[in-house]
Amino acid sequence: MPETTPPVPMEKLVSLCQRRGFIFQSSDIYGGLASCWDYGPLGVALKRNLKEAWWRAMVQEREDVVGLDAAILMQAKVWEASGHVAGFADPLVECKQCHLRYRADELKADKCPACGGELTQPRMFNLMFKTFMGPVEDEASITYLRPETAQGIFVNFENVLNTTRRKLPFGIAQMGKSFRNEITTGNFIFRSREFEQMELEFFIKPGTDEAWFRYWVNERLNWYVKLGIKREHLDFHVHEHRELAHYAISCHDIIFRFPHGWAELEGIANRGSFDLVQHAKHSGKSLDYYDEDTKEHYVPYIIEPSAGVDRSFLAFLSDSYAEEVAGGETRVVLHLHPSLAPYKVAVLPLSRREQLVTAAKQVWADLRRHWLVVYDDAQSIGRRYRRQDEIGTPYCVTIDFQSLEDGQVTVRERDAMDQIRVPIAALKTIIADKLAGEPLFTFTHGGQIWKRGEEEKAKAP
Ligand code: ATP
């Protein structure tokens, strides 16, 4: 695979995230809690934008998908039916010498990678966090923190079908927290024990599954590319039969060139009728679908694109990070797609003179009604541009003494660093047009350059 530039080292991203308030270690003042992360002021903004972009593409702009927000805690029976109580486990080995623990299927040799010591026999370790509901800690009150959002969708299939009068094919989308007691974590937010997923369960007629599977693989790939991930940094891992999860007929992982190497970003699975059949069996409720067109009853098949919010966050961060030489200085810049950028605009008075500050704060207040906008009056204007470049702010608006006379301000664009002078009265419209308008990027696809909006779309079956 041709690789234009080496990936940005993880340490640079971690350092940027801590320095600028994207991500902090959980429970930091107590020394931190391994594999849990807190999203700071910039991190939460980027994360919300990312989830919004997914919701927009997967629910709002489609006619065949509706949303759901199910509870994290569910009846334990759900996880028995789904196969998670019996089978959601990884093989755990421990070094007899230094007592470090590993996932046996991730080890390349049968010795401890840290000290070379002998390893124990693998034992299956269930990844679900177990807890108790109510004041009594007994078998009957056991419940689990969900390890995926998907089951909340399956058990609501009937509810959604009955209340929305949907016909197949249609999907239910959900995003939210999931928890897995992973044996080994690491690589920053790539693998943690508490994370967020964005999942779609798309219900279809059996027999149309292969075509819908291909359709969703292509849709999801395009979503990343449209939002600025380089096509050459995405690829597929096609699961062989022995790798497939217990529920899956087929599965493609979208893999991404992360700073630590190629790894899974999103999994797209053909789950067949497994889930609905299991829940029908365990709940005693029929989850058949009556097809009015063909007058048949059948259990729908499901295609599931399942993405990780945190892994996507890391991917967007990693692919947008650049160190560039500008005006004899090196600048760090996040070339984030404007829809993902934490702040859309920064408002900068040229100096702290009262009149400028007053005018700038008025502009700030006006723009804040439309977007998340930051105000910065500390240090030189050059320094302030650099600070905004480093967090990916697409536009800086500078108010100078001339502005007080002619009512015009300077708009500076992050990527090309072009500057234009515009009337304050037209500022909101001009920025809105810029944010919605011409693409900041072009994308490569199959060796061809194509523009946002012109990308290849697989036809829905
Ligand atoms: P892996 O093989 O890396 O453990 P998985 O195949 O178990 O991942 P899925 O069950 O397919 O993952 O979950 C769907 C998506 O949820 C993944 O592609 C990933 O983006 C995200 N995800 C899963 N586990 C974690 C985790 N521990 N931390 C962060 N994100 C995760």
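## A buried leucine

L234 is buried in this predicted model. Its relative accessible area is 1%, which is under the 20% that marks a residue as buried. L234 belongs to strand β12, residues 234-238.

Which residues does L234 touch, leaving aside those up to four places away in sequence? They are L221, Y224, V225, I229, I254, I255, F256, W262 and L265. Take I255 from that list. I255 and L234 are 21 residues apart in sequence. In space, their C-alpha atoms are 5.7 Å apart.

## The whole protein

The protein has 13 helices and 26 strands. Its radius of gyration is 25 Å, close to the 23 Å that the globule rule gives for 461 residues, so the protein is as compact as a globular protein of that length. The C-alpha trace spans about 75 × 65 × 55 Å along the principal axes.

Of the 461 residues, 50% count as buried.

## Surface and charge

The protein exposes about 22,400 Å². Carbon and sulfur atoms supply 50% of that area. There are 57 positive and 65 negative side chains. The centres of the two sets lie 3 Å apart.

## Helix α8

Helix α8 covers residues 274-283. Which of its residues are buried? D275, L276, Q278 and H279 are. Seen down the axis of α8, the buried residues fall within an arc of 160°, so they line one face of the helix.

Several elements cover these buried residues. Among them are the helices α3 (76-81), α5 (150-154) and α6 (157-164). The strands β11 (194-204), β14 (261-272) and β17 (301-308) are also included. After α8 comes G284, with a positive phi near 80°.

## Backbone exceptions

Most residues other than glycine have a negative phi, and most peptide bonds are trans.

At 7% relative accessibility, S35 counts as buried. Q379 is partly exposed, with a relative accessible area of 46%.

Note on methods
Residues numbered from 1 in each chain as written. Predicted model: local features only at pLDDT ≥ 70, side-chain atom pairs only at ≥ 80, totals over all residues. Heavy atoms only, no water. Buried < 20%, exposed > 50% of the residue type's maximum accessible area, 1.4 Å probe, protein only. Helix = DSSP H or I, 4+ residues; strand = E, 2+ residues; numbered from the N terminus. Arc of directions from axis to C-beta. Contact = heavy atoms within 4.5 Å. Rg over C-alpha atoms; globule rule 2.2 N^0.38 Å. Areas by Shrake-Rupley, 256 points an atom, 1.4 Å probe, with all protein chains shown as cover. Lys, Arg positive; Asp, Glu negative; His and termini not counted. Charge placed at Lys NZ, Arg CZ, Asp CG, Glu CD.
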